[in-house]
Amino acid sequence: MSDICVAYWSGTGNTEAMAQAIGAGITAAGKSADVVPMETISPADLKDQAVWVLGCPAMGAEELEDGTVEPFVSELEGFASGKKVALFGSYDWGDGEWMCTWAERMEQAGAQIVGGEGLICHGTPGADAIDECESLGREVAGL
């Protein structure tokens, strides 16, 4: 595993585009990034890393995707204490409640949320959202 893993789940490609931009920001800041779909790695792969970047779009009634992401995050909670975690994702409806709930959940597990909250994007990320993602990547690389 490289310096920083950006693990994501994406249904439409919007969250994947955010993940790629975050990875570009990490690389631009001089670190290496593994940008990988969550279903291709195990939570145990992150256990020894100090910083995680996790992405998931809002699903259903503003919740995490339940087939891949929910079990992945549940396992991470067991060893999240002391980790720095950046969260991101896209949504098409609602107001971002899923991200607030996710951030609170990770904080309750003992993680520190990078930037104090997750980065959300409504729909397809435009130029401003891509810039925000790249900025998040640079911030994460500086930790």
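Predicted model: local features only at pLDDT ≥ 70, side-chain atom pairs only at ≥ 80, totals over all residues.

**Entry 1: α2 against α3**

Which residues in α2 meet which residues in α3? From α2 I get E70, V73, S74 and E77, and they meet W102, R105 and M106 of α3.

Next I looked up the geometry. Two packed helices are described by the angle between their axes and the distance between those axes. For α2 and helix α3 (residues 97–108), the angle is about 25 degrees and the axes are 9 Å apart. Angles under 35 degrees count as roughly parallel, so I noted α2 and α3 as roughly parallel to each other. Their crossing is right-handed.

**Entry 2: α1 against α4**

Helix α4 covers residues 127–141, and α1 packs with α4 at an angle of about 45 degrees, with the axes 6 Å apart. That makes α1 and α4 oblique to each other. I checked the hand too, and the crossing of α1 and α4 is right-handed. On the α1 side the contact is made by A17, M18, A21, I22, A24, G25 and I26. On the α4 side I listed I130, C133, E134, L136, G137, R138 and A141.

I stayed with α1, which runs over residues 14–28 and holds T15. Is T15 buried or exposed? T15 has a relative accessible area of 0%, so I put it down as buried. Its side chain makes a polar contact with the side chain of S90, at 3.0 Å. Setting aside neighbours within four places in sequence, I find T15 in contact with Y8, W9, S10, G55, C56, P57, F88, G89 and S90.

N14 lies in helix α1 as well. N14 comes out at 11% relative accessibility and therefore counts as buried. With neighbours within four places in sequence left aside, the contacts of N14 are S90, G123, T124 and P125.

**Entry 3: aromatic pairs**

How many aromatic pairs are there? I count two, with ring centres required to lie within 6.5 Å. I took W52 and F79 to begin with. Their ring centres are 5.8 Å apart and their planes sit at 85 degrees, so I logged the pair as edge-to-face. W52 is in strand β3 (residues 51–55), while F79 is in the loop between α2 (69–77) and β4 (84–91), so this pair ties together parts that are 27 residues apart in sequence. I looked up accessibility for both: W52 is buried at 0%, and F79 is buried at 16%.

Then Y91 and W98. The centres of these rings are 5.8 Å apart and the planes are at 50 degrees, so the pair is tilted. Y91 and W98 are both buried.

**Entry 4: E62 and E97**

I went back to α3 for E97, which is found in that helix. E97 has 47% relative accessibility, so it counts as partly exposed. Which residue sits 6.2 Å from E97, C-alpha to C-alpha, at 35 residues apart in sequence? It's E62.

So what about E62 itself? E62 is in the loop between β3 and α2, and E62 is buried, with a relative accessible area of 13%. I flagged its backbone: phi of E62 is near 55 degrees, a positive value in a residue other than glycine.

**Entry 5: A86**

Last stop was strand β4, where A86 lies. A86 is buried at 0% relative accessibility. Where does A86 make contacts, once neighbours within four places in sequence are left aside? My list reads W52, V53, L54, V114, L136 and V140.

Terms used: Residues numbered from 1 in each chain as written. Heavy atoms only, no water. Phe/Tyr/Trp six-rings, centres within 6.5 Å; stacked < 30°, edge-to-face > 60°. Helix = DSSP H or I, 4+ residues; strand = E, 2+ residues; numbered from the N terminus. Buried < 20%, exposed > 50% of the residue type's maximum accessible area, 1.4 Å probe, protein only. Polar contact = N/O pair within 3.5 Å; in protein donor to acceptor, adjacent residues only side chain to side chain. Contact = heavy atoms within 4.5 Å. Axes fitted to C-alpha atoms, helices over the stretch in contact; angles between N-to-C directions. Parallel < 35°, antiparallel > 145°, perpendicular 65-115°, else oblique. Left-handed = near helix turned anticlockwise from the far one by under 90°.
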